[in-house]
Amino acid sequence: MTRNTRILMQCIYWAFVLYLLIPLALMMLMGFKDSKFIGFPIRDVTLDWYLAVFQDSQVLNAMGYSAIIGVLSTAIALFMGTWIAVALTGRSFWGRAILLGLTLLPAVIPGVISAIAFRIAARLVGLEPGMWAIIWSHAIHNVPFVVLVVMARLSTLPKSYGEAAQDLGADPIITFFRVTLPYLTPAMIGGGIFCLLLSFDDFVRSFFLGGYEPTLPVLIFAKLRSGMSPEINAISTVVLVLTAVLGLWAERSMRGMKKRAAND
Amino acid sequence: MTDAKDPIVRIEGVTKSFGSFTALHEMNLNIASGEFVTFLGPSGCGKSTTLRILGGFEKPDTGRVILNGQDVTALPPNKRNVNMVFQDYALFPNMTVRRNIAFGLELKGMGQQAIKARIDELASFLELTAYLDRRPDQLSGGQRQRVALARALAPDPALLLLDEPLGALDAKLRAQVQVELKAIQRRTNKTFFFVTHDQEEALTMSDRIVVMNKGRIEQDGTPEELYFQPASRFVAEFIGETNLLSGRALPGDQGAAGFDWQGHQLRAAATVGKTAPAQGAVTASLRPERIQVQRDRPTTENAVQGQVVNRLFKGHRMLLDVAVGDTVVQAYTDTDRGRDLADGPVWLGWNASSLTLLAD
Amino acid sequence: MTLSNTRPASGPADRPGFWGRLSGSGPYAALTDVLLASPRRQFAILLIVPVIWVLLTHLGPILQMINVSLLTNYPPGPNNVPTYTLEHYGKFFTDSIFIQPFLRTLIFSSVLTLTTLIIIYPVAYFLARHVRRDRQMMFLMLLLIPFWVGEIVRIFAMMILLGNNGALNLALQWLGLTERPIPFMYTGFSLSAGIIYLTALYMLMPLYSALEKIPPSLFEAAADLGAGPWTRFRRITLPLSLEGVSSGCTLVFLISTGVYATPVLLGGPSTTLFSEVIAGFFHVAGDQWPVGAAFAVIMLVTALLLTGAFTKLMAHLAGRVKQ
């Protein structure tokens, strides 16, 4: 590549970074504005909107509700995703490709369609819209991500580890819990946090499968439809900080795993 | 050796195929208690398959494996009293050295104090006491190898399998570990089943070597037998350096075989192992270090004349290429004499016992 | 040397640890006798749970959606037993109210996918080839952080940027480029900006990992053989990154066809997308579900067919270039 195209690409990169970060930065700034109206210029600065977030029981409830949904759906997704990854790794059998395809299916169904398919299915099994319907749909949607992360990790597990455990008297169950599972832990932490983020951020499934109680994104959506206010900025900023911290943690966990795999 | 009185392992008619590839053909073998047996051969010869069948990781297609008088052919690895040192050691990375060694002991249902005592004992024996609380990634290659050995010895197996455990070590360390490993085997009096493709390693450590080729046992004997009386061309070529001479077998006399090579009527050792044909075209093996090279005719049973065409300096000795007719024979000589023999005709001499007629 | 004995513990003086007690316990032995009797049984037990889960929860909802789309009415009432019909599918083809947003969604998604590809390719290339290895993670992280924030928060941020009193209009007015605020919001522009904001990561990651895998020695070898920058790009970079292009475009297209909150909040009446039409049938009590389901099936089948054909085409292209 010539020097000019390299500079051009560098410019595109930074322009893209600005495109991604400026809206979020403005959103955070606006949360400090001492006025009810969203928009520039910001004349006076206040912390009231942020303080209000932590006193608004509706917001706090939604946050807790989203957190419970996130944790439970992540637990289910981790359990099933790990099980599927283990079943799919290390041997070839008839129908493996089909099983893998079906496993990844929820990840490629467009959002609205997956949401209404779950809505219809929830009705079929008599699951009322509400917390369990949302948990169930989030878990299913997140399973493919867990499977991909865990399978990638599992493919680096030397076959001899499991054989050594069996050689020393461990049956396949004990081998799994004492050798395989500890080896998968970093991938499961990374994948789990990723699931937590996906669940915490999800709007479309929570919206169609939710009952009376809103999750945090559904609450923000409702507030947005009834008009913008700096309060939403403050809530969103809190969400942004929470998710960025979780995301960085997940990234660190996965990166440490790659480094260790390289050392092994 | 094959008819050991007290076989701890009996392999009876074991065949194993992977798809269209036959890894083992009808193998029969007995291993005596306390023996250090090495399976030697190039990759794909079936030595690792034999090891994995003994460990329980592969099931033979036909035949039986008898361990201590019990048929274990169908038993999974966790139900066999056999332990293995893996090629990559397979130390559990999430456990300390102590936990690694304890792994097999815990699953035997031993009490925690008894386990601790046993680990301390093994650790002092294998000089691991200082490393018990480290993790495998904090150890050197040699230390890992000893941990793998300690872990496999800990549950007191009837048979210890070692799958090329020295392959990951550098040359200097490997030589040292070979000596240690042999000493450990003597002191514990365990039966070691060692697999390697390195002939030098096999010669150094083993009581008995089984040379494998293409799924069959090529030769089974002590290191000396294999080296000096190779049963086949394959063994002669695989173990050590040798000259292969193509000639014709002649009727022998007085406990020696006859061999016609380039018109020379030579005396060769009476054949052992697989019988070489008594008549017709045959190959003979002659080790370079068994040949005397000198200016005047030697007094050995066989002597031929040749011309030095090349010299290779190897420090304390020298390898000479001597042209005899249209063949080049390699011979070792000490360095000083090699210098004197730079050019001109030389005599090569050797005794009948050094020339072995081979089956193909 | 004689080593001490390795017999199992006898008596309470020296208890085995957890794993020893577990493997020695009667119930566990009985359980493993049943579960682990043979490798075949182990495998069957390992496989049965994933198969049931995948069939019931991954495939089941889609099948039930197809089923409902073929029913005259749903849910079934006491004196309104549903029968199978194709009328809901017919409804789609006979009414331009539906076809228009449908076509708009397809065109919109395709154009956006292409746009995203054009914007992101240089970004991914820059990251993979011009940033030092040890700094790539940091540069990538700058792009990743915004994507961890949910759809709604990102849309909201976009609204602040593009609103009539938004930062962009303010900047344009301050620069004197415009007198009155330009109405960015509720147009195709705001919708596009929002969707790209949402999907760019799914283009970036496959492209980045495809480009990162190309060994730099290839470029050096090509340059050594006299290939200019353009030739190197056309003959090496592009063919070897086709796989990334293929999966990136597929993901972005599929996501674009399924966004809901973004068109609701950032779009206007002239930009109604098919996802909004489908969702409309599910806001009401339930008697409209079969129509919505039928429309969802149409959307799903079309999207999967298009992306499937696209993937095949790219695989074909990649295969041809390799030869």
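User: Before we look at this predicted model, what does "contact" mean here?

Analyst: Contact means heavy atoms within 4.5 Å. In chain B, 4 residues of domain 1 are in contact with 5 residues of domain 2.

User: Which residues belong to each of those domains of chain B?

Analyst: The domain assignment gives 7–228 for domain 1 and 242–358 for domain 2 of chain B. The C-alpha centres of these two domains of chain B lie 39 Å apart.

User: How much area do domain 1 and domain 2 of chain B bury between them?

Analyst: The two domains of chain B bury about 430 Å² between them, with 32% of it on carbon and sulfur atoms. On the domain 1 side, B:Glu218, B:Tyr227 and B:Phe228 supply 90% of the buried area, more than any other three residues.

User: How many salt bridges and polar contacts cross that interface in chain B?

Analyst: The rule finds 0 salt bridges between domain 1 and domain 2 of chain B, but 3 residue pairs are in polar contact there. Helix H7 (residues 223–228) of chain B gives the largest share of the domain 1 side, 3 residues. By class, that side of domain 1 of chain B has 3 nonpolar, no polar and 1 charged residues.

User: Now for one residue: is A:His138 buried or exposed?

Analyst: Buried means under 20% relative accessible area. A:His138 has 2%, so A:His138 is buried. A:His138 is found in helix H6 (residues 131–154) of chain A.

User: What does the side chain of A:His138 join in a polar contact of 2.8 Å?

Analyst: The partner is the side chain of A:Asp202. Beyond its close sequence neighbours, A:His138 is in contact with several residues, including A:Ile69, A:Ser73 and A:Arg205.

Definitions and conventions
Residues numbered from 1 in each chain as written. Chains lettered and ligands numbered in written order. Predicted model: local features only at pLDDT ≥ 70, side-chain atom pairs only at ≥ 80, totals over all residues. Heavy atoms only, no water. Domains from an automatic or database assignment. Buried area = accessible area lost by both parts, 1.4 Å probe. Salt bridge = Lys/Arg side-chain N within 4 Å of Asp/Glu carboxyl O. Polar contact = N/O pair within 3.5 Å; in protein donor to acceptor, adjacent residues only side chain to side chain. Helix = DSSP H or I, 4+ residues; strand = E, 2+ residues; numbered from the N terminus. Nonpolar A, V, L, I, M, F, W, Y, C, P; charged D, E, K, R; others polar. Buried < 20%, exposed > 50% of the residue type's maximum accessible area, 1.4 Å probe, protein only. Lists of a residue's contacts leave out its neighbours within four places in sequence.
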